Amino acid sequence: MPRFFIDSINEADIFLDGENARHIGRSLRMRTGEKITVCCGGIDYDCEIRRITEDSVFLDLIEKHQCSAEPTVDVTLFQAVPKLDKLEFIIQKSTELGVSRVVPVLTRRCISRPNEKDFAKKLPRLAKIAEEAAKQSGRGKIPEISPIVSYSECLDMMKNLDKSIILYEGEGGKPFSDVAVEGIKSAGILIGSEGGFESSEVEQAVSAGAERVWLGKRILRCETAPISALSILMFLTKNM
């Protein structure tokens, strides 16, 4: 069934308006009696269309249930800022894999270095990419796309998570298969941009509590590494 995301819901009076309603009536050309799923806070509300007006769609609730596509672990991807087309790809694929939020991080070797104001203008498009990917993959939540943060802000955020990981191809890291994930409820993965990390940045992350992890002897592109890492983490936590 088509999926639509809303921020709050009244189970006794479920309706969609705005862009959602226009999409149902004009683009999908749906009719009364057809069924859709409304997603709110990780809960799926399976509904039947009762009435369609010019700018609203009124629904009858059939049943509600926890979205089975949502992982049991809350995962934040801390992605050093790559070029925009690569970031869009990363957001789309990480959403499909179950990430909860994507936090773009400005590190020393970032080739693309937008300021906060310029990057903020791109957030609506990035959020839309996450929303479309969430619909396509049957997610119950749309991942949060954060404004750009500094490296120190990123490390502070990682300290609050059950498990923090920095991917680094240099010496001293452990294989991903050796990372202990049993019982964790939250995790963060920090991944470099096209230029990777400086060794001092890796040491800063380790000092802040992150585990240094590697993905094998092959050097992965910055848009390949997050997909690989998220896939492994979802597998290790039995979410794949």
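**Exercise 1. Determine in which sense strand β3 and strand β4 pair, and over how many bridges.**

Solution. Strands are DSSP runs of E with at least two residues, helices are runs of H or I with at least four, and both are numbered from the N terminus. Two strands pair if DSSP finds at least two bridges between them. Strand β3 covers residues 35-40 and strand β4 residues 43-52; their pairing is antiparallel, over six bridges. Within this pairing, K35 has E48 of β4 opposite.

The model is a predicted one, in which local features need pLDDT of at least 70 and side-chain atom pairs pLDDT 80 or more, while totals for chains, interfaces and linings use all residues. Residues are numbered from 1 along each chain as its sequence is written, and side-chain values use heavy atoms, leaving out hydrogens and water.

**Exercise 2. State which order the strands of the open sheet have, and explain why one side of β1 and of β2 lacks a neighbour.**

Solution. The five strands follow the order β1-β3-β4-β5-β2, and their pairing is mixed. β1 (3-5) and β2 (14-17) are the edge strands; each has a single partner strand, so one side of each has no neighbour in the sheet.

**Exercise 3. Identify the buried residues of helix α1 and what covers them.**

Solution. Buried means under 20% relative accessible area, exposed over 50%, and partly exposed in between, with a 1.4 Å probe and protein chains only. In α1, the buried residues are N20, A21 and I24. They lie on the same side of α1, because their arc around the axis (taken from the directions from the helix axis to the C-beta atoms) is only 95°. The face turned away from this buried side carries the exposed residues E19 and S27. Contact means heavy atoms within 4.5 Å; the cover of the buried residues includes β1, β2, β3, β4, β5 and α3 (116-137).

**Exercise 4. Find how many aromatic pairs the whole structure holds, and describe them.**

Solution. Rings of Phe, Tyr and Trp (its six-membered ring) pair if their centres lie within 6.5 Å; planes under 30 degrees apart count as stacked, over 60 as edge-to-face and the rest as tilted. The search finds two pairs. F15 and F58 are tilted, at 6.1 Å centre to centre and 35° between the planes. F15 in strand β2 and F58 in strand β5 are 43 residues apart. F15 is partly exposed at 36% relative accessibility, whereas F58 is buried at 18%. The rings of Y151 and F197 also form a tilted pair, with centres 6.5 Å apart and planes at 50°. Both Y151 and F197 are buried.
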